[in-house]
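Q: Hi! I'm new to this one, could you walk me through it?
A: Happy to, let's look at it together.

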Amino acid sequence: GICGGDQCIEKDAFKALQSIHGAATNQLLLVNDILDMSKIESGKCTTSEAPYDLNQLLISIEQMLSKKAADQGIDLLIDHTIDEQFQLIGDVHRIQQILINLLGNAIKFTEKGHVSLTVKVIEESLVFTVKDTGIGISPEEQQYLFKRFEQVDESISKRFGGTGLGLYISQKLAQLMEGQIEVS
């Protein structure tokens, strides 16, 4: 009857709102990426250095991405072997931005299995390693990963989405903080 019809209308309205929210979120991410790229290319992108709590950073990242991984049917594993004796100084917001981008890409391109983030100290450097059981990328295609607006394979980008800015921005931010991103 009428109640059933109203319920369907409510469900349809909710789905429409979810769709609008998703589109708005994607647009905001795109605008932020373009602004970051513009700042980087104009030399006006800055980073700051302040003490930060690595455990809190990792908890925050896990909270942000665990639902996305679970919705995709994969596990998100975060492991670190950092002693509490280390005082970490850096731009926690930019580090978080890079890690969310790397993990988000790994989740996006992993259909089954897991994505993991391991954090450790190697030769007095903090090393974040992201691994996944996703589709992989050939050594020949790796040269395109960190270029602006580049997608390794058009068919893959159509299937999974993306702008081709995330890894470019992440690499530039890492360099600004005297770090580096490597892929294998």
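**A first tour of the chain**

Q: Where do contacts with a separation of 6 or more come from in the protein chain?
A: In this predicted model, 68% of the contacts with a separation of 6 or more are between residues 24 or more positions apart.

Q: And how many helices and strands are there?
A: The protein chain has five helices and five strands. Starting at the N terminus, their order is α-β-α-β-β-α-β-β-α-α.

Q: What share of the residues counts as buried?
A: That would be 28% of the 184 residues. The chain exposes about 12100 Å², and 52% of that area is supplied by carbon and sulfur atoms.

Q: Let's go inside, then. Which residues of the largest nonpolar core touch the most other members?
A: Those are L54, L57, L103 and V115, in a core of 19 residues. Two or more residues each are given to this core by α2 (54-71), α3 and β4 (114-122). Helix α2 gives the largest share, with six residues.

Q: Can we zoom in on L57? What is it in contact with?
A: Leaving aside neighbours within four places in sequence, L57 is in contact with Y52, V92, I95, Q96 and L99.

Q: You mentioned Q96. Where does it lie?
A: Q96 lies in helix α3, which covers residues 92-108.

Q: Is Q96 buried or exposed, and why?
A: Buried, because its relative accessibility is 17%, and the cut-off for buried is under 20%. Not counting residues up to four places away in sequence, Q96 touches L57, S60, I61 and M64.

Q: What about N101, buried or exposed?
A: N101 is also placed in helix α3, and it counts as buried because its relative accessibility is 16%.

Q: Which side chain does N101 make a polar contact with?
A: The side chain of N101 makes a polar contact with the side chain of S170, at 2.8 Å. Setting aside neighbours within four places in sequence, N101 is in contact with G166, L167 and S170.

Q: Now to helix α5. Why is it described as largely enclosed?
A: Helix α5 spans residues 166-176, and eight of its eleven residues are buried, so the rest of the structure largely encloses this helix.

Q: Which ones are buried in α5?
A: They are G166, L167, Y168, I169, S170, Q171, L173 and A174.

Q: What follows α5?
A: E178 follows α5, and its phi is positive, near 60°.

Q: Changing topic: where is K112, and is it buried or exposed?
A: K112 lies in the loop between α3 and β4. At 65% relative accessibility, K112 counts as exposed.

Q: Which residues is K112 in contact with?
A: Beyond neighbours within four places in sequence, K112 is in contact with I74 and T133.

Technical notes
Residues numbered from 1 in each chain as written. Predicted model: local features only at pLDDT ≥ 70, side-chain atom pairs only at ≥ 80, totals over all residues. Heavy atoms only, no water. Helix = DSSP H or I, 4+ residues; strand = E, 2+ residues; numbered from the N terminus. Buried < 20%, exposed > 50% of the residue type's maximum accessible area, 1.4 Å probe, protein only. Contact = heavy atoms within 4.5 Å. Areas by Shrake-Rupley, 256 points an atom, 1.4 Å probe, with all protein chains shown as cover. Core = buried A, V, L, I, M, F, W, Y, C linked by side-chain atoms within 4.5 Å. Polar contact = N/O pair within 3.5 Å; in protein donor to acceptor, adjacent residues only side chain to side chain.
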